[in-house]
Amino acid sequence: MSTSPAGSPHVPPSKQPRSFPSTEQIREMLKNNQCYARFRESGASDVWKLFEEVCYKSNNEFTGIIRCTKCNHMARYHGHITGTSHMRRHRCFGELFPDAVKHLQSAKKDGSNTTPRTPKIPKNQMINKTPEKRSICLENGGDSKKVDEDGMEVENETGENEKGVKIELRTYNNQTIITPKVRNPMANTILAFCYSELVNLECVCSNSFKAVLKGAAVKVSTPLLLNLPYLRARANELYVNEKASIVAALNESIERNIGGAIVSDFKDDLCIMSFSYIDSDWRLQDRTLRGATRIDDILTFISQTLGDYGLLKDTLINKFIYISNAGALSGVKVHLSSVSHLLDNLVDQAVFQDGKHDQLVENCKYICSELKILPEVAISPWIYRYDVINAVLENLDKFSPGNFSMDTMLPSMTMIKNLLAPFREASVLMRTDVQEVPTINQVALQYFKLHKELQLKEDDSEELTDQKKKLQVSLESNFELHMMHKVAVFLWPNFRHLKMFTESEREEIYAEVRQMLEEKCSEAAAPLEENLDDSIKAQTQYSEWEAVTEFDQDEVTRYLLDKFNHCNEKTLLTWWKEASKRYPKLSQVARSILSIPATVTSIERRQRLHSRPPVDEELMFLHCNMATR
C-alpha cells in the first residue's frame, strides 16, 4: 500500500483503484475518523475547486470516492473510467460555474460532445498497482494533522493525537520533500498574511473578514478560498514540508557529523526552540523547531520538542551544542549560557539593583520627555536606562536645568556613560542576527576587553572605583569562558595565535582542537591526500625521502604556521569556505563551532511575538520559519 503523506500529489490514474467501496461505507469511515478528505493538487479542471478526494487515514491512499465541499454529495472517480463529466453535471458545480455548464450544454445540443456513460464497475475487483513508497522522514505519513469535513483534527488509528508523532531520521540522500502547491494565488496571499501577522485562520474565515473583501471589491474565484478546512489543509501542507526540510538538515548534520546548535529561548510563558547550523555553502541558517505560547512546564516543552525530532537519545543530542537563557538541561554534554543575558544580569546586579541611581534615571526620563527625545524601549532594562542618560548628555545645550542640580547629576551621568559603554556595545554586538555573521568568536574577545576596561586607574573617582570593583566581582562570578568560546577565537584567523591567553592556556586550547579533529572528523572528513589542496601535496617524485613535508604536519600546526590575509567577522565564513581544501578537518570543526550563536534572540528579534494572545503552534512555526523569507 502507498504511504504518501497527506497533501501529496494525487496518485496517477494507472494506480487508482478500479473497484470502490460504497459511499455509505465511506461516510461511516469518515464519521469514525478512519478516512479524511483532501484537495487534489494535480488536477487542472475546475471540478477540483469544488470536489475533494476521500482517503484512507491508515495509509493516505485515495479510496476512489470524491466529495462535494458544499453539499457533501459523494461519487466515484477514476480518471480512465469515470472521467469528470458526472462531476460537472452536479448541481453545485452548475451554481459555482454557470458559464462552464452552459458551454457544456450547448456543445451537447450541437452534437459536438457527448457525455460518456459511467460504466459499471465489478464489485470487489482490485487491479491497481502498489505505488512506489516515498520517504519524507515522517513516520505514519508525517507530522501533519488531518481534518474532517468540519475542520476538526482527527486522531490516528491508535487514538493518539498526531502532534506527538515522532520524526524518523533517515538517510538524507533518500529524502523526498514535497513542494507545496497552493493553486489559488489569493489563498497563498491570505495564508502568508495569517502566519506573518499571527492572525488565526478562523479570523479570515469570519463573516466580518468576508465583508471586508466584498467591500474592497476583491473577486473571490471560489468559495473554498475562505473555507476553514481548506485553509487549514494548506497551512498544514506548508508546515509538513517545512518540517521535513528541517529534519533533512538535522539528518545531514548527524550523518556527516557536522554539528550545530540546539537553541532554547524563553520569555515569560513564550518558548521557541531552534536549530542553528552552517549549510554546505557556508551560510548561517536558523530553523525554528517549535514555538508555543502559554507554556506551563519548560522542561516538558523541551522534552516533547526533542522527542518530536527524534533527538532524545544521548548519542544524537550530544552531537549538538545546547544553548539557552533558562539554565542547563540534564543529559546534554555541552551547555552554553546566553552571553548577552549574562551581561545584562551582571550589570543590573552591580550598578542598578541597589537603587542608588533610580532618582538620577527618573530625572533624565523627565528631561527626555520634555524635549521629546525619549529613546525607544531597549532590549534590556539597563540598556534603556543607559540610553536615557546618554540622550540627556547629548542634548545638554537644549534645555535649562530648572529645578535640577546639574552640578550634582552631571558627574554621575558621565561616569555611568563611560563605564557602561563597553558593556552596552558587547551586549548589542553579541545579539547580532544569528543568520548574518558568527558571534561566538566575539565572546572571549569581549570578555578580555571588558576586563581591561575595568582596570583601576589612579585618577578614578571614589564612586567610579566602587562601581568598577562591583562589576569586576560580578563579571568573575557570573561570566566564565567556556572552552567553546576559546576555540571559536582560535578559528578566527586574525587571532589564531591566542595572544590574550597565557602559554599554558594556549596549549590547552590547541590540544582541545586536536581532540576535536580526532573525534569529529575521524570518519566524516578524513582527508585523503588526493583531495587536498595542491599546495600541501608532495612537491617532487622523491617525497618518501623528504625530511618533513607539509602533509606530515597536523592541520593545527599548519594553520598556525601558514601566512594568509586576515578577515573580518563578515568574511569569516567565506574565508573558511575557501580554505576548506587546505584544512579539510579543521574546516569541519569551524563549521560546527561557528554556527553556535553567542546569545539566544529567537524571541527578541520577532516583535510580533511579544504580548500576543495564544496562537496555533503550526501558525507560529510558519511565522518563525517563513515570515521573513
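**Exercises: salt bridges and a helix pair**

At 32% relative accessibility, aspartate 554 counts as partly exposed (buried is under 20% relative accessible area, exposed over 50%, partly exposed in between; 1.4 Å probe, protein chains only). The model is predicted: local features need pLDDT of at least 70, side-chain atom pairs pLDDT 80 or more, while totals for chains, interfaces and linings use all residues. Residues are numbered from 1 along each chain as its sequence is written, and side-chain values use heavy atoms, without hydrogens and water.

**Exercise 1.** Find which side chain meets aspartate 554 in a salt bridge.

*Solution.* Apply the criterion: a side-chain nitrogen of Lys or Arg within 4 Å of a carboxyl oxygen of Asp or Glu. Arginine 514 sits in helix H18 (residues 503-521), and aspartate 554 in the loop between H18 and helix H19 (555-561), 40 residues apart. Helices are DSSP runs (H or I) of at least four residues, strands (E) of at least two, numbered from the N terminus.

**Exercise 2.** Locate glutamate 242 and arginine 287, and decide whether they are buried or exposed.

*Solution.* Their side chains form a salt bridge (3.0 Å, N to O). Glutamate 242 belongs to helix H8 (residues 228-255) and arginine 287 to strand E7 (residues 284-292), so the bridge ties together parts 45 residues apart in sequence. Both glutamate 242 and arginine 287 are buried.

**Exercise 3.** Classify the packing of H11 and H14 by angle.

*Solution.* Helix H11 (residues 339-352) packs against helix H14 (residues 406-429) at about 160 degrees, axes 9 Å apart. Angles over 145 degrees count as roughly antiparallel. H11 and H14 are therefore roughly antiparallel.

Notes:
Axes are lines fitted to C-alpha atoms, for helices over the stretch in contact, and angles run from 0 to 180 degrees between N-to-C directions. Angles under 35 degrees count as roughly parallel, over 145 as roughly antiparallel, 65 to 115 as roughly perpendicular and the rest as oblique.
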